[in-house]
Amino acid sequence: MINLAPYWPPFGLTLTTPRLILRPIRDEEIPAAAHAALSGIHEPGRSPFSRPWAEAPAAQLGTNMAQWYWRCRANMSPQEWTLLLGIWHDGEFVGCQDIEAKDFATLKTVGTGSWLRRSAQGRGLGKEMRAAVALYSFDWLGAEVAESEAATWNQQSLGVSRSLGYELNGVTRASWGGQRQEAQKVRLTPATFKRPDWTLEVQGHEPTAQYLGI
Ligand SMILES: CC(C)(COP(=O)(O)OP(=O)(O)OC[C@H]1O[C@@H](n2cnc3c(N)ncnc32)[C@H](O)[C@@H]1OP(=O)(O)O)[C@@H](O)C(=O)NCCC(=O)NCCS
């Protein structure tokens, strides 16, 4: 494996929880990510995402994912960044947890989004990976607010938020893939965060933080 971390520092970042490894998706891992997504993330016709990306035809999904990963990497700057963290469980790629920010230096706010393949859902892994990025954002990046949103019917996502101490932050009506959707916004601060009883292990933080202008 070529070590690209000296050229693109986030490739050196690894977050470890009791059951999961989170690290920026590398090119050689894109097939595993596409395979996980193709195995199914949600009920057909009921996309929980603001863009219904997982409903793309099977032959197109991997291409779209690859282009999305490359676009996010290529566009990263201290003013606007998205860390796409692949989730590894027992040596298998099971999903993705994003952290994103705009004008972080001023706002000290991150947004998050996530998905797990269906076979990995409902076992507490979604909560563990969101807790990991909340810990990383608050304790390492110095964030003061973590925001997220989910369709009002998405009890899995809202369950993770509730369980970690997020507060409800209003409902907005949005067009998700051309469909009207009521989106529940949620907000977490260090004061409301129900911290897990485990410690997050972090490797490669300094070069990543410097690269993000933090
Ligand atoms: C959202 C998602 C990442 C959550 O991960 P998960 O592993 O399934 O959820 P967990 O097992 O960690 O559940 C976490 C909490 O939510 C609660 N929860 C889960 N499903 C629930 C449901 N249907 N109703 C009520 N609560 C629920 C759990 O009880 C748990 O709370 P607790 O620890 O207090 O008991 C995952 O379900 C997923 O990928 N869904 C499809 C994609 C998606 O919706 N992404 C988010 C878009 S906003």
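A: Happy to. In this predicted model, helix H1 covers residues 30-38 and helix H2 covers residues 58-74, and their axes come within 9 Å and cross at roughly 130°. Angles over 145 degrees would count as roughly antiparallel, and 65 to 115 as roughly perpendicular, so H1 and H2 are oblique to each other. Their crossing is right-handed.

On the H1 side, the contact is made by Ile-30, Ala-33, Ala-34, Ala-37 and Leu-38. These meet Ala-58, Leu-61, Gly-62, Met-65, Ala-66 and Tyr-69 of H2. By class, that contact holds 10 nonpolar residues, one polar and no charged.

Now for the ligand. The shell around the ligand has 22 residues, and Pro-48, Gly-126, Lys-127, Gln-155 and Gly-159 come nearest. Strand S5 (109-116), helix H4 (125-141) and helix H5 (155-164) each give two or more residues to this shell, and H5 gives the most, with six. The shell divides into eight nonpolar, 12 polar and two charged residues.

Two loop residues also deserve a look. Most residues other than glycine have a negative phi. Asp-103, however, has a positive phi of about 50°; this residue sits in the loop between strand S4 (92-102) and helix H3 (104-107). Asp-103 is exposed, with 11 other C-beta atoms within 10 Å. Lys-108 also has a positive phi, near 50°, and lies in the loop between H3 and S5. With 16 other C-beta atoms within 10 Å, Lys-108 is partly exposed.

Terms used. Residues are numbered from 1 along each chain as its sequence is written. This is a predicted model: local features need pLDDT of at least 70, side-chain atom pairs count only at pLDDT 80 or more; totals for chains, interfaces and linings use all residues. A residue is near a molecule or strand if its C-beta atom, placed from the backbone, lies within 6 Å of it. Helices (H or I, at least four residues) and strands (E, at least two) are DSSP runs, numbered from the N terminus. Ala, Val, Leu, Ile, Met, Phe, Trp, Tyr, Cys and Pro count as nonpolar, Asp, Glu, Lys and Arg as charged, and the others, Gly among them, as polar. Axes are lines fitted to C-alpha atoms, for helices over the stretch in contact, and angles run from 0 to 180 degrees between N-to-C directions. Angles under 35 degrees count as roughly parallel, over 145 as roughly antiparallel, 65 to 115 as roughly perpendicular and the rest as oblique. A crossing is left-handed if the near helix is turned anticlockwise from the far one by less than a right angle, and right-handed if clockwise. Two residues are in contact if their C-beta atoms, placed from the backbone, lie within 7 Å. A residue is buried if 20 or more other C-beta atoms lie within 10 Å of its own, exposed if 12 or fewer, and partly exposed in between; C-beta atoms are placed from the backbone.
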